[in-house]
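Subject: Structure for your review

Dear colleague,

Please find below the structure that I am handing over to you. I would ask you to keep it open while you read the notes that come after it.

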Amino acid sequence: MGKTYGFTVEGWIRKLTKARDEEGNLLFVAEEEGRLAGFAWVHTHGAFLAAPYLRFIAVNPSFQGRGVGTLLLKEFEEQTRNLKKDWFLLVSEFNIGAQQFYEKHGYQRVGALPGFAKEGITEVIMVKKHERRN
């Protein structure tokens with residue numbers, strides 16, 4: 001993913017430092033014995049200026065398959081549940097494993113954005129319905 005989108009460690013440090021100080025952003029970090037296992041970047045009203053949007057989730061390759069992604073995804077949902085809005089995210093069309101992961105957790109494909117993040121790559125819009133309780 002980093003090569004495809006041109007991500008660098010320095011770039012992420014700048015983005016996340018800025019995000020930490022901007023209203024509406026939530027950052028979650030998973031660690032084990034001082035090692036970074038993964039992180040999630042959420043915007044509470046990033047989808048259509050109204051609904052929680054999972055901007056990015058990343059799991060350290062050495063921690064993949066150990067439930068870190070599930071933990072971060074559940075934290076995203078729990079921390080934004082009080083908004084009583086559906087949850088949104090984008091996932092690259094070529095990232096089939098991520099799409100299957102989100103589908104396993106109740107997300108459905110609802111649309112596509114060709115060339116949205118990078119020319120030649122389609123982003124799949126996925127949504128999970130908020131459980132509305134009376």
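The notes below set out what was found, from the overall fold to single residues.

Please bear in mind throughout that this is a predicted model.

Overall build

The protein contains 4 helices and 6 strands. Read from the N terminus, its elements follow the order α-α-β-β-β-α-β-α-β-β. The C-alpha trace spans about 45 × 35 × 30 Å along the principal axes. Does the radius of gyration agree with that of a compact globule, or disagree, and what is its value? The protein has 15 Å, which agrees, because a compact globule with 134 residues would have a radius of gyration near 14 Å.

Of the 134 residues, 37% are buried. The accessible surface of the protein amounts to about 8500 Å², and carbon and sulfur atoms hold 53% of that surface. Among contacts with a separation of 6 or more, 50% are between residues 24 or more positions apart.

The nonpolar cores

Which residues have the most contacts inside the largest nonpolar core? They are L54, F76, Y102 and Y107, in a core of 20 residues. Two or more residues of this core come from each of β1 (25-32), β2 (35-47), β3 (51-59), α3 (68-80), β4 (87-92), α4 (96-104) and β6 (122-128). The element that gives the most to this core is α3, with 4 residues.

When its neighbours within four places in sequence are left aside, L54 is in contact with A40, W41, V42, L73, F76, F88, L89 and Y102. Two of these partners, F76 and Y102, are also listed with L54 among the residues with the most contacts inside the core.

There is also a second, separate core, which has 6 residues. Its members include A47, A51, Y53 and I125.

Salt bridges

How many salt bridges does the count come to? The count comes to 7, and three of them are described here.

The side chains of E103 and R109 form one of these salt bridges, with N and O 2.7 Å apart. E103 is partly exposed, because its relative accessible area of 35% lies between the limits of 20% and 50%. R109 is likewise partly exposed, at 46% relative accessibility.

R20 and D21 meet through their side chains in another salt bridge, at 3.6 Å from N to O. Both of these residues, R20 and D21, are exposed.

K18 and E22 form a further salt bridge, in which the closest N and O atoms are 3.9 Å apart. This pair counts because 3.9 Å falls within the limit of 4 Å. K18 is exposed, with a relative accessible area of 54%, whereas E22 is partly exposed at 35%.

Two residues with positive phi

Two loop residues deserve a separate look. E33 is placed in the loop between β1 and β2, and its phi is near 50°, a positive value in a residue other than glycine. E33 counts as exposed because its relative accessibility of 79% is over 50%.

L49 is placed in the loop between β2 and β3. Its phi is near 55°, which is again positive in a residue other than glycine. Is L49 buried or exposed? At 77% relative accessibility, L49 counts as exposed.

Yours sincerely,

A colleague

Methods:
Residues numbered from 1 in each chain as written. Predicted model: local features only at pLDDT ≥ 70, side-chain atom pairs only at ≥ 80, totals over all residues. Heavy atoms only, no water. Core = buried A, V, L, I, M, F, W, Y, C linked by side-chain atoms within 4.5 Å. Buried < 20%, exposed > 50% of the residue type's maximum accessible area, 1.4 Å probe, protein only. Contact = heavy atoms within 4.5 Å. Rg over C-alpha atoms; globule rule 2.2 N^0.38 Å. Areas by Shrake-Rupley, 256 points an atom, 1.4 Å probe, with all protein chains shown as cover.
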